[in-house]
Amino acid sequence: MSVEQIITDKLSQAFAPVHLEVVNESNRHHVPPNSETHFKVVVVSDQFNEQRLLARHRLVNQALADELANGVHALSINVYTETEWQALDEVPKTPNCKG
């Protein structure tokens with residue numbers, strides 16, 4: 001199973017999201033072709049209601065602790081409540097790799 005699919009499954013199980021995006025951005029970095037080391041996630045869940053941003057990030061990091069300890073080098077985390085998501089114009093773009 002791909003790392004992208006594992007991340008998708010774990011975030012789906014942990015947060016029952018109303019919206020979930022898992023984007024492999026490894027190709028934007030200096031890594032071998034077909035790498036799975038850099039990801040962007042967008043998670044919209046009612047579980048984030050009344051949680052500060054830092055607490056939300058910690059929850060995502062906990063859910064993906066094994067992946068972060070074993071090969072995922074970078075994780076861009078975008079977490080929203082459903083209300084925040086509906087009010088959002090666009091998800092922030094991940095900056096380009098400088099290396």
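Predicted model: local features only at pLDDT ≥ 70, side-chain atom pairs only at ≥ 80, totals over all residues.
## A buried glutamate and the fold around it

E67 is buried, with a relative accessible area of 10%.

**Charged pairs**

The side chain of E67 meets that of K10 in a salt bridge, with 2.9 Å from N to O. This pair links distant parts of the chain, since E67 belongs to helix α3 and K10 to helix α1, 57 residues apart. K10 itself is partly exposed, at a relative accessible area of 25%. K10 also meets D66 in a salt bridge of 3.8 Å, N to O, and here too distant parts are linked: K10 in helix α1 and D66 in helix α3 (residues 65-69) are 56 residues apart.

A search of the whole structure finds four salt bridges. One of them joins E84 and R56, whose closest N and O atoms are 2.7 Å apart. Because E84 sits in helix α4 (residues 82-87) and R56 in helix α2, this pair ties together parts that are 28 residues apart in sequence. E84 is partly exposed, with a relative accessible area of 33%, while R56, at 7% relative accessibility, counts as buried.

| Salt bridge | N to O distance |
|---|---|
| E67 and K10 | 2.9 Å |
| K10 and D66 | 3.8 Å |
| E84 and R56 | 2.7 Å |

**The sheet and its helices**

Now for the strands. Three of them form an open sheet of mixed pairing, in the order β1-β2-β3. β1 (19-24) and β3 (74-80) stand at the edges with a single partner strand each, so one side of each has no neighbour in the sheet. Neighbouring strands are turned against each other by 10 degrees on average, direction ignored. Strands β2 (residues 38-44) and β3 run parallel and are joined by seven bridges; V44 stands opposite Y80 in β3.

Two helices lie across these strands. Helix α1 (residues 3-15) lies across β1 and β2, running at about 160 degrees to β1. Helix α2 (residues 53-63) lies across β2 and β3, at about 125 degrees to β3.

In soluble globular proteins, nonpolar side chains tend to be buried together. Here the largest nonpolar core has 13 residues, and those with the most contacts inside it are I7, L11, V41, V43 and V60. The elements giving two or more residues to this core are α1, β2 and β3. Which residues does V60 contact, leaving aside its neighbours within four places in sequence? They are L11, F15, V41, F48, L75, I77 and V79.

**Aromatic pairs**

A search of the whole structure finds two aromatic pairs. F15 and F48 form a tilted pair, 5.2 Å centre to centre with 40 degrees between the planes. F15 lies in helix α1 and F48 in the loop between β2 and α2, so the pair ties together parts that are 33 residues apart in sequence. Both F15 and F48 are buried.

The rings of Y80 and W85 have their centres 5.9 Å apart and their planes at 45 degrees, so this pair is tilted as well. Y80 counts as buried, at 11% relative accessibility, whereas W85, at 24%, counts as partly exposed.

Conventions. Residues numbered from 1 in each chain as written. Heavy atoms only, no water. Pairing = 2+ DSSP bridges. Helix = DSSP H or I, 4+ residues; strand = E, 2+ residues; numbered from the N terminus. Axes fitted to C-alpha atoms, helices over the stretch in contact; angles between N-to-C directions. Contact = heavy atoms within 4.5 Å. Core = buried A, V, L, I, M, F, W, Y, C linked by side-chain atoms within 4.5 Å. Buried < 20%, exposed > 50% of the residue type's maximum accessible area, 1.4 Å probe, protein only. Phe/Tyr/Trp six-rings, centres within 6.5 Å; stacked < 30°, edge-to-face > 60°.
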